[in-house]
Amino acid sequence: PQQHPSSSSLIVDENMVPSTWTESDKEQIVLAARSVAFALSMDADRAEMRMRNQDVRLALENNLHQIKNPLQAMRTYSKVLQRHIALEEDGLDGGDGFGRVG
């Protein structure tokens with residue numbers, strides 16, 4: 001994240017401010033400029049964090065996919081194996097490793 005401007009980091013050229021303005025007006029302008037600079041900095045930080053969050057989300061989705069696929073394959077294989085064992089126990093296995101029904 002960017003470093004937020006401090007009260008001393010923003011320099012306003014007093015020659016740019018009309019001389020008819022009071023010191024209080026000038027102080028208000030400086031405060032407003034600092035507030036705008038701080039808000040812009042915060043917006044930039046927020047945009048950067050959104051991009052980082054999106055990158056992390058994509059990485060997590062990819063990792064979850066990498067874990068889920070082998071687990072799904074093991075689940076399917078275990079169901080087939082359970083069915084095969086049940087057929088063997090019922091004596092419906094033809095001896096060739098494949099259960100025959102009927």
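Biologist: With which residue does Arg46 form a salt bridge?

Modeller: Arg46 forms a salt bridge with Asp43, and the closest N and O atoms of the pair are 3.6 Å apart. Before going on, please note that this is a predicted model, in which local features need pLDDT of at least 70 and side-chain atom pairs count only at pLDDT 80 or more, while totals for chains, interfaces and linings use all residues. Residues are numbered from 1 along each chain as its sequence is written, and side-chain values use heavy atoms, with hydrogens and water left out.

Biologist: What makes the contact between Arg46 and Asp43 a salt bridge?

Modeller: The term asks for a side-chain nitrogen of Lys or Arg within 4 Å of a carboxyl oxygen of Asp or Glu, and since the closest N and O atoms of Arg46 and Asp43 are 3.6 Å apart, the pair meets that definition. In general, side chains of opposite charge can pair when their charged atoms come close. Here the two residues are 3 apart in helix α1, and therefore about one helical turn separates Arg46 from Asp43.

Biologist: How many salt bridges does a search of the whole structure find?

Modeller: The search finds 3. Another of them joins Lys26 and Glu23, again at 3.6 Å from N to O, and Glu48 forms one with Arg52, where the closest N and O atoms are 2.7 Å apart. Glu48 and Arg52 are 4 residues apart in helix α1, which places about one helical turn between them.

Biologist: Why is Lys26 called buried, and what is Glu23 called?

Modeller: Buried means under 20% relative accessible area, exposed means over 50%, and partly exposed lies in between (1.4 Å probe, protein chains only). Lys26 has 18% relative accessibility, so Lys26 counts as buried, whereas Glu23, with a relative accessible area of 51%, is exposed. By the rule already given, Arg46 at 47% counts as partly exposed, and so does Asp43 at 40%.

Biologist: Which residues of α1 are buried?

Modeller: In α1 they are Lys26, Val30, Ser41, Asp45, His84 and Leu87. Of the 102 residues of the protein, 7% count as buried.

Biologist: What is the secondary structure of the protein, and how does the reach of α1 compare with the expected value?

Modeller: The protein has 1 helix and 0 strands, where helices (H or I, at least four residues) and strands (E, at least two) are DSSP runs, numbered from the N terminus. Helix α1 has 67 residues and reaches 96 Å from its first C-alpha to its last, which is close to the 99 Å expected at 1.5 Å a residue, the expected span being 1.5 Å times one less than the number of residues. After α1 comes Gly91, whose phi is positive, near 75°.

Biologist: Which residues make the nonpolar surface patch?

Modeller: Ile67, Leu71 and Met74 make a patch of about 310 Å², with areas taken from the Shrake-Rupley method with a 1.4 Å probe, and for residues only the protein chains shown count as cover. Patches are made of residues with over 30% relative accessible area and no salt bridge, like charges being joined within 9 Å and nonpolar side chains (Val, Leu, Ile, Met, Phe, Trp, Tyr) within 5 Å. Leu71, which lies in helix α1, is partly exposed with a relative accessible area of 47%, so Leu71 passes the 30% cut-off.
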